Amino acid sequence: MKVLMDYGKEGLSLEVPDDAYILGLQPVEPLGDVSHAVSAALSSPIGSAPLAQIAAGKRRVCIVVCDITRPVPNPEILPPILAVLDPEARVEVLVATGTHRPNDDGELLRMLGPAVLDRCRVVNHRCEDDHPSLGESPHGIPITLNRIYLEADLKITVGMIEPHFMAGYAGGRKMVMPGIAGLASVQAWHSPRFLEHPMATNGIVEGNPVHESALAIARLARPDFIVDVALDSQKRPYAVFAGDMEAAWEAGVAEVASKVRAAVPELVDIVVTSGGGYPLDLTFYQAVKGMVGALPILKPGGTIVLAARCSEGVGNQHFSDTLHSFTDLADFLPAISAPDWKPIADQWQIEELAKCTRHAQILMKADGIPPGTLYRLHVSPMLDLDAALELAIQKHGSEATIAVIPKGPYVMPQLAG
């Protein structure tokens, strides 16, 4: 049978055996009028007063939004927010890049829409800048956060809730930490002592030190109001969760968790998955999420077949250089755990990649990266996705069990029961 894998903007067709497990999101009804739904959520929020009441008299406003890698429909979400603010308020939109690159003018226009750009000053967060210190978190993380956010008298975050391969779920507190944190803070938060914890994974919040430390930091500079959306299989909003940073996010997580989990009755030999399509699969850095998402249902020694367009290539130079400097990823965790190791931006994604290569062979189709480069990224390049699946079947035999996750990291596979 044919399945359409998320791949860039167009998708990629793949022929799979009829007995393959196809894992997807639960069907939902998308919102007919997103802006109307947002307005209603602002008036009847979860765990807080209405935004109009909170915003009364506030003249310096910071709205934190996701960067280009997240398909948040800001042009439909932000205008209802702006409509309830003081008309004389100075509104700055802060793009929560974390350690990602800044977004250019064309991307900002697509992300935010002309009405928002006309009304607001837009700033890309830069983690390398000198940010004010808030001391140290309860988990021993040095805390620095963006000055624009800290100095605002009304702080709002706008994001989306989806599975997150380290923090359980995205959205909520992650808009603050790591979204607008300084580099040293993000490096400490992503250190092996957190990421190697067994609970630091998709869909787990309780007992997850990555989530708990992000929440503790966000509480020290708490947003006054959050707006998070949940997206369907076509990346259309189907629910809005607005209000208190914790109460609204927890309500959203409960809803999203019921829609993103997909079960198989057994561990499988092969998982065919994706990087989530555009805009998430712009880089190999982001595509690692698709690999990690496959691990819970893959037998040790299994094969991951990954389709990710990677139109912008590998990722930033720090990530690329560090990844290329290791000929064997088995050496990576011992190296970054050594007392004299100096943390490098984005090393955490290499740590996650190393988890995958310890567990599986990875066959990857990525039109944006030359095959020779993919070899140096510790994956096996494939020019054709059907050929990649056939190669995996040859390796594991004609009776190989196969699971297919067309939407990659947006789906959370698990064993039944």
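Residue numbers start from 1 along each chain as its sequence is written, and side-chain values use heavy atoms, leaving out hydrogens and water. Because the model is predicted, local features need pLDDT of at least 70 and side-chain atom pairs count only at pLDDT 80 or more, while totals for chains, interfaces and linings use all residues.

Start with the pockets (on a 1 Å grid over the protein atoms alone, open sets of points with protein on both sides within 12 Å along at least five of seven lines; lining residues have an atom within 4 Å of a point). The largest pocket holds about 380 Å³, a volume being the space filled by probe spheres set on the points. It has 21 lining residues, with P198, T201, N202, L295 and P296 closest to its centre. Helix 11 (284–294), helix 14 (347–359) and strand 20 (412–415) each supply at least two lining residues; helices here are DSSP runs of H or I with at least four residues, and strands are runs of E with at least two, numbered from the N terminus.

Then come the cavities, where a 1.4 Å probe fits but cannot get out. There are 3 cavities of 30 Å³ or more. The largest cavity takes up about 360 Å³, and of its 28 lining residues, R70, H100, H164, K174 and P178 sit closest to the centre. Helix 11 turns up again here, giving the most to this lining with 3 residues. As for the second largest cavity, about 190 Å³ of space lies inside, and L25, L231, D232, V260 and Y410 are nearest its centre.
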